[in-house]
Amino acid sequence: MLGSTSLAGLPSALFTAGSALAAVAVGRISQARGRRPGLAAGYLTGAIGSAGVITAAILDTPVLLFLALFVYGAGTATNLQARYAGADLATPDRRGRAVSTVLVATTLGGVAGPSLAAPASAFADHLGIPDLAGPFLLSGLAYLLAALVLACWLRPDPLLTARTLSRTATAETGAGPTTDVTDGAPAGSRTGVVLGALVMVVSQLVMVAIMTMAPVYMHDHGHGSTASGLVIALHIGAMYLPSPLTGWLVDRYGRMKVAAASALTLLAAGLLAAASPADSVALLALALALVLLGIGWNFGLVSGTAIITDTVPLATRARTQGRVDVFIAIAGATGGMTSGIMVAAASYPALALLGGILSLALLPAVAATAFHR
């Protein structure tokens, strides 16, 4: 539609900006009205964005495309916020597993989505719609169905119910609980909020930066798109499939230990990616590195989410979670944009090494929070 590649990165930037804004909006709506209207509104907005993208493709209007992609970003933000809803009613000793259940469901969509892209494109072409807009038909329908399912069947609302149970417990005991965690900072602690956010932000930044340039690095070493697709598929699987195990580890051994494991796993991934030889062995080494990268990201997301849910009071939980997800979106955008610059200025091994070293920043933060407790 643009006729050149000079502005090819703008849609992605607008999509990310829309996702960040939607994270705040969904968090505020959830805080005021509950998870059901917040998540349903987010998914419905994503569906509207999908319709806008399709309309822009039909009319061949780039400006409308940019606006629609900005709106479409709400769907991704809502997907991410859904994990918080899964943890609202979970007891502290089962929150990790509650979050992991939502993330495992993401795996199903991640596996099924790409395989449905070609049929969706063919169906769009049959309708007289540009075939590249076909996947947006699928995503728009999925977002619309998600909004309807949540609006009709997410009852009782988990966040509102959690507040009611908390008020009842407070009335019966005469005082609210001073802590809601197994191994973290006390409920309401700013230290815990900062740590949880830092774990997820650093994990997202390192993961996106190293992953984004991996296909380019493979192409430069003579590997085709099939090999790149396989490596990325393994990476995505490693991001979500370990979630049940991660959730159990978080609940069994504590948030802090898994957060520290996230940093060490990301470091190992960075070191291995940096050491990948420039020959046929690079495929195996890089595949293992990206698998470790996905596992490290999973450790960080599940443990960070549990820390945030533990330490933020119900009165401000949804709003704070929305703000945290804004920083996660910004971290992903920053990692994606700066990775190319880093590789152009130095090399992919240098990028991977820097990402691994950056992940070590989590260790003193975890240690400091544990000492503060």
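Asp251 is buried, with a relative accessibility of 11%; here buried denotes under 20% relative accessible area, exposed over 50%, and partly exposed the range in between, computed with a 1.4 Å probe and protein chains only. The structure is a predicted model, in which local features require pLDDT of at least 70 and side-chain atom pairs count only at pLDDT 80 or more, whereas totals for chains, interfaces and linings use all residues. Residues are numbered from 1 along each chain as its sequence is written, and side-chain values use heavy atoms, with hydrogens and water left out.

Asp251 forms a salt bridge with Arg97, with the closest N and O atoms 2.8 Å apart. A salt bridge is defined as a side-chain nitrogen of Lys or Arg within 4 Å of a carboxyl oxygen of Asp or Glu. Because Asp251 lies in helix H9 and Arg97 in helix H4, this pair ties together parts that are 154 residues apart in sequence. Helices are DSSP runs (H or I, at least four residues), as are strands (E, at least two), and they are numbered from the N terminus. In contrast to buried Asp251, Arg97 is partly exposed, with a relative accessible area of 27%. Both residues belong to a network of salt bridges that links Arg95, Arg97, Asp251, Arg255 and Asp310. Within helix H9 (residues 243-253), the buried residues include Ser243, Thr246, Gly247, Leu249, Val250 and Asp251. Just after H9, Gly254 adopts a positive phi of about 105°.

Side chains of opposite charge can pair when their charged atoms come close. Seven salt bridges were found in a search of the whole structure. Asp88 takes part in a salt bridge with Arg35 (2.6 Å, N to O). Arg35 lies in helix H2 and Asp88 in the loop between H3 and helix H4 (95-126), so this pair ties together parts that are 53 residues apart in sequence. Arg35 is buried, with a relative accessible area of 1%, and Asp88 is buried at 3%. A salt bridge also joins Asp88 to Arg317 (3.7 Å, N to O). Since Arg317 is in helix H12 (residues 317-345) and Asp88 in the loop between H3 and H4, the parts tied together by this pair are 229 residues apart in sequence. Arg317, like Asp88, is buried.

Two packed helices are described by the angle between their axes and the distance between the axes. Axes are lines fitted to C-alpha atoms, for helices over the stretch in contact, and angles run from 0 to 180 degrees between N-to-C directions. Helix H1 (residues 10-33) packs with H2 at an angle of about 155°, their axes being 7 Å apart. H1 passes H2 in a right-handed crossing, whereas H2 passes H3 in a left-handed crossing. A crossing is left-handed if the near helix is turned anticlockwise from the far one by less than a right angle, and right-handed if clockwise.

Most residues other than glycine have a negative phi, and most peptide bonds are trans. Asp60, in the loop between H2 and H3, has a positive phi near 55°. Asp60 is partly exposed, at 49% relative accessibility. The peptide bond from Arg155 to Pro156 is cis, with omega near 0°, and Pro156 is located in the loop between H5 and helix H6 (158-173).

Leu44, Ile48, Leu141, Leu144, Leu145 and Leu148 make a nonpolar surface patch of about 540 Å². Patches consist of residues with over 30% relative accessible area and no salt bridge, with like charges joined within 9 Å and nonpolar side chains (Val, Leu, Ile, Met, Phe, Trp, Tyr) within 5 Å; accessible areas come from the Shrake-Rupley method with a 1.4 Å probe, and for residues only the protein chains shown count as cover. Helix H2 (35-59) and helix H5 (134-153) each supply at least two residues of the patch, and H5 gives the most, with four. Leu145, located in H5, is partly exposed, with a relative accessible area of 47%.
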